[in-house]
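Here are my notes on the structure, as numbered points.

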Amino acid sequence: MTSKTEVSDAMAKRTLKADLIVIGAGSGGLSAAAGAAMFGLNVILYEKAEMGGDCLNYGCVPSKALLSAAKYAASARESAKFGVTSGDPVTDWEGVKAHVHGAIETIAPVDSVERFEGLGVTVIQEHARFADPKTVVSDTTHATARRIIVATGSTAFVPPIPGLEDTPYVTNEQIFSLPKLPEHLIVLGGGPIGLEMAQAFHRLGAKVTVVEMGRALANADAEHAAIAVGALREEGVVVLERHKAVKVAGTDGNISVETDSDGSSHTVSGTHLLVAVGRRAVMDGLDLEAGNVEYDRRGVQVSDKLRSVSNPRVWALGDVAGKGQFTHLAGWHASVFARRAYFKQNSKASDLPLPSVTYVSPEVAQVGLTEAEARDAYGDGFSVSAFPFHENDRAIAEGKTKGEAKLIIRKGKIIGASVVGDGAGDIIQLVGFAMSNGQGVQALTNFISPYPTRTEVLKRAASAHFTPKVFGKSGKRLVGLLQRIP
Ligand SMILES: Cc1cc2nc3c(=O)[nH]c(=O)nc-3n(C[C@H](O)[C@H](O)[C@H](O)COP(=O)(O)OP(=O)(O)OC[C@H]3O[C@@H](n4cnc5c(N)ncnc54)[C@H](O)[C@@H]3O)c2cc1C
């Protein structure tokens with residue numbers, strides 16, 4: 001361990017020596033840098049753009065802030081059915097943007113240069129690249145360290161669709177700052193980002209058409225994805241599935257997307273185009289070859305220990321590690337790094353099941369295997385136990401009865417779960433907790449769930465698994481009645 005970062009002003013570039021170099025101040029890099037600094041290590045953190053990375057500036061935070069504004073518009077439209085008349089909502093786009101950017105500004109100090117310098121981290125706001133396997137350089141620095149973390153994240157993948165490069169389009173980096181609310185937004189891509197933006201803009205008053213070449217929310221449980229996509233359609237979002245975009249053309253305010261669906265051609269016309277067809281790892285200008293760091297299309301090649309397969313000094317965390325694209329995954333990666341590097345624990349990236357949530361209304365949440373993945377892995381060697389929201393008293397009271405909790409069970413173990421419905425992202429946490437701590441399905445029956453909460457659906461789904469064994473098939477109704485008694 002070096003006692004202090006050594007700085008030599010004598011050379012053209014500052015020569016720095018530290019215990020840890022982190023490239024990228026997003027979710028993964030910031031967590032790793034903060035952890036190491038708290039252990040008293042010397043840390044150098046490079047960031048070429050905004051502190052906080054994608055999640056804070058162009059991802060999770062603005063998207064959830066936009067969705068919350070859109071929820072108010074939806075509530076106003078729905079309120080009459082609750083006996084409250086509030087009239088048609090009017091969107092003040094400048095006001096919505098002020099809310100979105102206010103959320104970013106409120107969180108930003110936690111990720112700021114000032115906070116990290118306060119923790120003792122040397123923050124260098126420059127593009128970093130490898131000069132050799134143990135050296136990282138930027139315009140003004142030349143740094144070496146025992147460990148180097150690459151946490152450079154991902155960016156919107158722009159597919160090679162004819163005409164796209166010559167047509168005005170936006171990605172997640174511009175969508176939250178558009179000068180005007182789009183009249184008709186075309187969204188390329190029906191994944192979580194595409195659908196979240198589709199619902200938010202539609203609720204705020206835009207016409208929205210989603211063009212998806214396969215199935216929307218393809219990684220989610222198929223039945224649950226269909227419930228969420230159906231809800232979007234009922235609200236008026238046009239979701240075209242199995243429509244491959246084959247040509248894009250147009251000018252500002254006048255865009256057309258030609259699609260191919262099972263051999264027939266369609267044209268979608270709109271005023272704005274959002275490209276949200278996936279993400280690509282950011283490795284531009286990192287000179288990974290100079291660092292002897294192998295990589296492929298998905299990102300830096302790392303083992304389950306998150307260490308580079310070719311340079312043991314180098315680790316990769318977050319989106320650039322090619323193991324999934326979530327802020328909570330990047331945070332977990334930073335934790336795996338700290339456990340291995342400083343506590344000598346044998347932690348691995350795959351140690352814990354990874355939850356994912358799509359924050360449309362109704363939310364879609366998943367942890368572990370989907371039913372289809374379980375079928376691929378175990379054939380018929382598993383069971384599914386489900387419980388619908390329309391039998392949950394809280395959902396009934398709030399008039400939000402679209403949804404279901406589904407547990408995937410094998411030999412008493414929960415191997416996966418999916419929840420669709422209001423609050424699904426919060427409900428799934430309990431299953432993630434049980435799975436992460438080796439608790440079987442029985443554990444989900446063995447606690448007092450406060451009444452009336454939506455999370456009761458999990459207890460009911462878990463209990464339903466035991467119903468035939470305890471009461472035989474006819475006992476189903478009896479169990480239902482007993483479970484209403486707290
Ligand atoms: C619209 C949208 C919504 C999302 N919503 C959610 C959500 O609700 N929940 C969730 O869990 N995830 C969400 N995500 C994903 C989440 O934002 C990412 O998984 C997360 O930001 C990844 O963190 P990271 O540290 O790997 O990378 P990033 O946060 O992207 O940070 C990487 C940083 O590295 C910097 N950098 C890159 N190259 C260099 C270099 N050579 N030198 C110096 N600096 C460099 C970049 O400027 C960037 O700041 C969303 C993403 C998008 C786009």
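A polar contact is a pair of N or O atoms within 3.5 Å; within protein, one must be able to donate a hydrogen and the other to accept it, and residues adjacent in sequence count only if both atoms are side-chain atoms. This is a predicted model, in which local features need pLDDT of at least 70 and side-chain atom pairs count only at pLDDT 80 or more, while totals for chains, interfaces and linings use all residues. Residues are numbered from 1 along each chain as its sequence is written, and side-chain values use heavy atoms, with hydrogens and water left out.

1. An oxygen atom of the ligand is 2.8 Å from a polar backbone atom of T327. The side chain of K64 has an N or O atom 2.7 Å from an oxygen atom of the ligand. For H328, the distance from a side-chain N or O atom to a ligand oxygen is 3.2 Å. The protein covers 93% of the 1,000 Å² of accessible area that the ligand has on its own (Shrake-Rupley method, 1.4 Å probe; for residues, only the protein chains shown count as cover).

2. The shell. There are 38 residues around the ligand, and G28, E47, K64, D319 and T327 come nearest; a residue is near a molecule or strand if one of its heavy atoms lies within 4 Å of it. The shell divides into 15 nonpolar, 15 polar and eight charged residues. In this scheme Ala, Val, Leu, Ile, Met, Phe, Trp, Tyr, Cys and Pro are nonpolar, Asp, Glu, Lys and Arg are charged, and the others, Gly among them, are polar.

3. Elements at the site. At least two shell residues come from each of α1 (27-38), α2 (53-58), α3 (60-78) and α8 (327-343). The most are given by α2, with four residues. Helices (H or I, at least four residues) and strands (E, at least two) are DSSP runs, numbered from the N terminus.

4. Overall fold. The protein has 13 helices and 23 strands. Its radius of gyration is 25 Å, close to the 23 Å that the globule rule gives for 486 residues, so the protein is as compact as a globular protein of that length. The radius is taken over C-alpha atoms, and the rule is 2.2 Å times the number of residues to the power 0.38. Along the principal axes, the C-alpha atoms fill a box of roughly 80 × 55 × 45 Å.

5. Of the 486 residues, 49% count as buried (under 20% relative accessible area; exposed is over 50%, partly exposed in between; 1.4 Å probe, protein chains only). The protein exposes about 22,600 Å², of which carbon and sulfur atoms supply 53%. Among contacts with a separation of 6 or more, 61% join residues 24 or more positions apart; contact means heavy atoms within 4.5 Å.

6. Cis peptide bonds. The bond from S361 to P362 is cis, with omega near 5°, and P362 sits in the loop between β19 (356-358) and β20 (363-368). The bond from Y451 to P452 is also cis, with omega near -5°. P452 belongs to the loop between α11 (424-436) and α12 (456-471).

7. Positive phi. N292 is not a glycine but has a positive phi of about 55°. The residue is in the loop between β15 (279-281) and β16 (295-296) and is partly exposed, at 39% relative accessible area. L306, likewise not a glycine, has a positive phi of about 70°. Its place is the loop between β17 (299-300) and β18 (314-316), where L306 counts as buried at 0% relative accessibility.

8. K406. Is this lysine, K406, buried or exposed? At 2% relative accessibility, K406 is buried; the residue is part of strand β22 (residues 404-410). Its side chain makes a polar contact of 2.7 Å with the side chain of E223 and one of 2.7 Å with that of E371. Leaving out residues up to four places away in sequence, K406 touches a set of residues including D221, H224, V384 and S418.

9. D287. This residue is in the loop between β15 and β16 and is partly exposed, at 34% relative accessible area. D287 and A128 are 159 residues apart in sequence, with their C-alpha atoms 9.2 Å apart in space. Not counting residues up to four places away in sequence, D287 touches R129 and F130.
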